[in-house]
Amino acid sequence: MKRVLFIIMAACIALGVYAAPVELKVPIPANTPENKYRIDAKMAQIKRFEAANPGIHCVAVNFEYDNTGQFLVMQAAKQAPDVMSVWATEAQMLVAKKWVVPLEDYIKTWDKTAWYNKDAFLPFVVGGIRYGVPDQNYIKHVLYNKQMFAAKGVPAPKLNWTWADFTNAMVKTTDKAQGVAGFAPMGKGAESGWGFTDFIYMAGGEVEQVRNGKTYAVFDSPEAVTAAQFFKDLRWKYDAIPANWANGWGDVYNVFGSKQAAMVLDADNGRAIAINSLKMDPANIGLALMPKGPGSKGRQAGVLGGTFLVTNGLAKSKEVRDAAWKWIIFERWDDAGLADLQAQIKDARANKQFRAQFQYSPLLPNAPYVQKERAILVENPDAAVAWGDPAFLSALPGTAHIEPPVAAQDVYGKYLNNVVQVLFSEKDADAAAIMKDANKRFQAEVLDPLNAAKDQ
Amino acid sequence: MEQALGKGRGKYGMGLLFLVPALLVFGLFQWYPIVQNFLLAFQSYVPGFDKEWVGLKNILYILHDPRLPKAILNTLEFVGICLVVGFFVPIVVAITVMEIRRGRGFFRLAIYIPNMIPGIALYIIWRWVFNPDFGLLNQFIGIFGVPHQQWVLSSRQVLPSLSLMATWAGFGGTAVLYMSSLTTVSAELYEAAELEGAGFLQRVRSVTLPAISGTINLLLVLQLIATFQVLQEPFVMTAGGPNNASLTVMLLTFNYAFEDVEFGRAGALGSLLFLALLGLSYLYVKRSGLAKAKGA
């Protein structure tokens, strides 16, 4: 009798497990009136996903990854979505905290992997394993104010412009009596170190080098020192940056949008601040590749990053992880993605704004999807911006440079940020000595312990 | 005995019952986080995962962090400047305003206005005040032929600048407390002093300051505790820069938690700061006789 009861109970439990749908928490935009169309589009997509995957029940979570701490709180409460779109710069931190799971096995078998630009995955490769699927990519480049250039007789930058051209444009557009700077770099927070690395790469230097599986800091090289000296000159030789140079990420686009700077560097969405908050005319914003640094190693280079789709490390069961992967690839690079783009434009139009983000696809440039995306942007000039001409867009991938492979946020925030601030605040700063000291400390305090941990 | 206890319960029971909500709120939102913070100092915590005990690892890490000595020195410098400037200014202002015969209400309101400005608005205003090109401060010193200064953009000037801003923003509130205390000083004492031929300064020294010494002692310790925990000013205005010149202990604690995502280290540093302030306050209260005065 007991055995029969046991079998019945086991069968019930087994059936129950089989019958219960897998619950998958998926992100939808923040619940604000401005996001109405985007939320509607996402809810419709959830319905289609559930119809296509009967064993999966989706729970919509209002969530957009940011660095305000919301993500940390939601993780602590186990309320963050099982699938998230996160920044490339967070890859190492998220992997180190086990907040993302490896997607290598899934990616290998996905038929659309071949559609991607081969470098697109790089920012989210940690230890040779892919942890994320590229959603949107960016390669940093220069934004310039066309009117300010024209007013000072500065020609539009050519595709192969150099630091000398950049300096010339910067000096000519600077008008300190009017509070106008030729160039507004970031000078506060980790973003200032992030922005400085662009110049190290342009000068032909690197931040880190991996040798025999170990990572070494190399930003004391002559090329990196050249970049540091250039930064110092921006402030003390040319006096071409804002007097109040300690600007964070958002600040520089406010400065640019209020015509207090003629040039800024941007990844993809900083310009939205200038356009939507400061009402800058998108037609007045020109795009240029990063200028080529001096010397034989000088090159045109900008940080490659973007947003990546990842599976939350708190999704423990294989069923949820499989469901998360199905969500990641669901309608990926098909008409639904285009419908989402149209919803974003609709949102922008309803709010009398522009969908101003730079649309740089991780797919190969000749992919039909990329062409369709661009066509939608071109068809909606009142609420969307199709950035860049064909020559710029085809040259841009050639300037991509990935971020430091280890402890990127550390080197940006704790070391290079301080380097930038010393260069901007101390007239007698010795660029070479400062770079050497920061390089030495970063190696001893961060990389050596990590290298030692690998030996254990 | 039981009867006595029963009477006691009846006498205080209702009063104790009224205390329960306050105890719950304090317990849940004040004491429980403090206890958790102490525990966190000995744990590794990644939100979403279970905490792990790591012994003294967090404390050893922060003690070896090269940023900590800098943060401590910066905090001490900030506290020092705030005490030198911010401690005396409210007393002087309060006494001066109380001496004014006409328009006292206006001045009382005027000095309190900075306290009513929302934090973010305050910092935006001061970013412009400190602006090296157009800032009010540089325009003002320019009148006297002093060259423009870098203020918060200079490693040497950033802490005095932030102290100046903090003092301006907070002195009104403290001055109002002093004024309130001054109203309790018996007018007869002043009259007697005047009859004895005491001038303004003598009255202040012999009547006013002794009469409000209890308030001065209390506010000094409160100000000490508050300024040691300086976070907002460097966080918003400089993010600890330039080159960590305005990195304070609290800002370093914040950075451990929300930039490095190392909550255990944040807990360790927060706990150490708490213990340091507790010790400092205890010493001060003991030596100044503040506890005795309050108890009496």
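This is a predicted model: local features need pLDDT of at least 70, side-chain atom pairs count only at pLDDT 80 or more; totals for chains, interfaces and linings use all residues.
Two residues are in contact here if their C-beta atoms, placed from the backbone, lie within 7 Å. By that rule, and leaving aside residues up to four places away in sequence, M179(B) touches A94(B), V97(B), M98(B) and R108(B).

**M179 of chain B**

- M179(B) belongs to helix α7 of chain B, which covers residues 158-182.
- A residue counts as buried if 20 or more other C-beta atoms lie within 10 Å of its own, and M179(B), with 21 other C-beta atoms within 10 Å, is therefore buried.
- Between M179(B) and F42(B) there are 137 residues of separation in sequence, and their C-alpha atoms are 46 Å apart in space.

**Where chain A touches chain B**

- The contact between the two chains brings together 22 residues of chain A and 21 residues of chain B.
- On the side of chain A, the elements that supply two or more residues are α3 (70-76) and α16, and of these α16(A) gives the most, with five residues.

**Helices α9 and α16 of chain A**

- Helix α9(A), residues 222-236, and helix α16(A), residues 408-425, have axes that come within 8 Å and cross at roughly 40°.
- Angles under 35 degrees count as roughly parallel and those from 65 to 115 as roughly perpendicular, so α9(A) and α16(A) are oblique to each other.
- The crossing in which α9(A) passes α16(A) is right-handed.
- From α9(A), the contact is made by A228(A), F231(A), K232(A) and R235(A), while α16(A) contributes V419(A), V420(A), L423(A) and F424(A).
- Six of the residues in this contact of α9(A) with α16(A) are nonpolar and two are charged, with no polar residue among them.

**The four-stranded sheet of chain A**

- Four strands of chain A, in the order β8-β11-β7-β12, form an open sheet in which the pairing is mixed.
- Its edges are β8 (181-183) and β12 (285-288) of chain A, each of which pairs on one side only, and from one strand to the next the twist averages 25°.
- Within this part of chain A, strand β7(A), residues 141-145, runs antiparallel to strand β11(A), residues 261-266, and four bridges join the two.
- V142(A) has L265(A) of β11(A) standing opposite.
- Helix α10 of chain A, residues 249-257, packs on the sheet and touches β7 and β11 of chain A, with a direction that makes about 145° with that of β11(A).

**The hairpin of β9 and β10 in chain A**

- Strand β9(A), residues 208-211, pairs with β10(A) in the antiparallel sense over four bridges, and Q209(A) has Y216(A) as its bridge partner in β10(A).
- The two strands β9(A) and β10(A) form a hairpin with two residues between them, and in the turn N212(A) has a positive phi of about 50°.
- Strand β10(A), residues 214-217, has T215(A) and A217(A) on a covered face, whereas K214(A) and Y216(A) make up an uncovered one.

Key:
Residues are numbered from 1 along each chain as its sequence is written. Chains are lettered from A and ligands numbered from 1 in the order in which they are written. Axes are lines fitted to C-alpha atoms, for helices over the stretch in contact, and angles run from 0 to 180 degrees between N-to-C directions. Angles under 35 degrees count as roughly parallel, over 145 as roughly antiparallel, 65 to 115 as roughly perpendicular and the rest as oblique. A crossing is left-handed if the near helix is turned anticlockwise from the far one by less than a right angle, and right-handed if clockwise. Ala, Val, Leu, Ile, Met, Phe, Trp, Tyr, Cys and Pro count as nonpolar, Asp, Glu, Lys and Arg as charged, and the others, Gly among them, as polar. A residue is buried if 20 or more other C-beta atoms lie within 10 Å of its own, exposed if 12 or fewer, and partly exposed in between; C-beta atoms are placed from the backbone. Two strands pair if DSSP finds at least two bridges between them.
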